[in-house]
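Please look through the sequence and the structure shown here before reading the report that follows.

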Amino acid sequence: MSQREQLIRGIYRTMFETGDVTLADRVVTAEFVDHAAPPAPVPAGPDQLRAVVSYLHSVMTDIRYEIEDVLHDGDRLAYRTTMSATQTGELFGFPPNGRSFRTTQIHIVRFDGDRIAEHWACRDDLGALRQLGHVA
């Protein structure tokens, strides 16, 4: 397993699953941009990563990510994950209902040295909303 793959797996275990944002300054660049982040008035950099993790934990509990596949190409790393969680806060304007969901996601990150400089994602948000009973 490469150092970059270990970093990604560690970020999900340490930050996204627990809500601990203290690593943000060490894992992303000062100019980090999350192209898939929810719209918010948060500038680029570690604060943007902290805002995404904090938002997720404000609307969900029991967050888990299973990293299924990892592909490397130069300064890019792509990975397929299965995310599961329970909705406990307002999500995309829908009230909390305590139901759980499980979706597949594809993420791509660009590294600058040993830190992440950019992130893109393709998530099945519609599938999550269907599982939660918010849309048919």
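## The largest pocket

In this predicted model, the lining of the largest pocket is made up of 25 nonpolar residues, four polar residues and four charged residues. The pocket itself has a volume of about 480 Å³, and of the 33 residues that line the pocket, those closest to its centre are Phe-16, Val-52, Leu-56, Tyr-65 and Arg-123. Rolling a probe the size of a water molecule over the atoms shows where empty space is left.

Which elements give two or more residues to the lining of the largest pocket? They are the helices H1 (3–16), H3 (46–59) and H4 (125–131), together with the strands E1 (28–34), E2 (60–73), E3 (76–87), E4 (100–112) and E5 (115–123). The largest share of the lining, five residues, is supplied by E4.

## Helix H1

Helix H1 has 14 residues, and the distance from its first C-alpha to its last is 19 Å, which is close to the 20 Å expected at 1.5 Å a residue. Its buried residues are Glu-5, Ile-8, Gly-10, Ile-11, Tyr-12, Met-15 and Phe-16, a list that holds the charged residue Glu-5. The cover over the buried residues of H1 includes the helices H2 and H3 as well as the strands E2, E3, E4 and E5.

## Helix H3

For helix H3, the 14 residues should span 20 Å at 1.5 Å a residue, and the end C-alpha atoms are 21 Å apart, so the two values agree. Within H3, the buried residues are Pro-46, Gln-48, Leu-49, Val-52, Val-53, Leu-56 and Val-59, and these buried residues pack against H1, helix H2 (24–27), E1, E2 and E3.

Leu-56 counts as buried because its relative accessibility is 13%, under the limit of 20%, and, with residues up to four places away in sequence left out, Leu-56 touches Phe-16, Ile-63 and Tyr-65. Leu-56 and Thr-29 are 27 residues apart in sequence, and their C-alpha atoms are 21 Å apart in space. Ser-54, on the other hand, counts as partly exposed, with a relative accessibility of 41%; Ser-54 and Met-15 are 39 residues apart in sequence, but 9.4 Å apart in space when taken from C-alpha to C-alpha.

## The nonpolar core and Met-60

The largest nonpolar core has 31 residues, of which Ile-8, Met-15, Phe-16, Leu-49, Met-60, Tyr-79 and Ile-116 touch the most other members. At least two residues of this core come from each of H1, H2, E1, H3, E2, E3 and E4.

Apart from neighbours within four places in sequence, Met-60 is in contact with Met-83, Ala-85, Thr-86, Thr-88, Leu-91 and Phe-101. Met-60 and Leu-7 are 53 residues apart in sequence, with their C-alpha atoms 23 Å apart in space.

## Positive phi angles and an exposed loop residue

Most residues other than glycine have a negative phi, and most peptide bonds are trans. Against that background, Asp-62 has a positive phi of about 55 degrees although it is not a glycine, and Phe-92, also a residue other than glycine, has a positive phi near 55 degrees. Asp-62 is found in strand E2, where Asp-62 is exposed, with a relative accessible area of 52%. Phe-92 lies in the loop between E3 and E4 and is partly exposed, with a relative accessible area of 47%.

A further aspartate, Asp-114, has its place in the loop between E4 and E5. Asp-114 is exposed because its relative accessible area is 54%, which is over the 50% limit. Asp-114 and Ile-63 are 51 residues apart in sequence, and the distance between them in space is 26 Å, C-alpha to C-alpha.

Note on methods:
Residues numbered from 1 in each chain as written. Predicted model: local features only at pLDDT ≥ 70, side-chain atom pairs only at ≥ 80, totals over all residues. Heavy atoms only, no water. 1 Å grid on protein atoms, 1.4 Å probe; cavity = no way out; pocket = protein on both sides within 12 Å on 5 of 7 lines; lining within 4 Å. Points joined across faces, edges and corners; volume = space filled by probe spheres on them. Helix = DSSP H or I, 4+ residues; strand = E, 2+ residues; numbered from the N terminus. Expected span 1.5 Å × (residues − 1). Buried < 20%, exposed > 50% of the residue type's maximum accessible area, 1.4 Å probe, protein only. Contact = heavy atoms within 4.5 Å. Core = buried A, V, L, I, M, F, W, Y, C linked by side-chain atoms within 4.5 Å.
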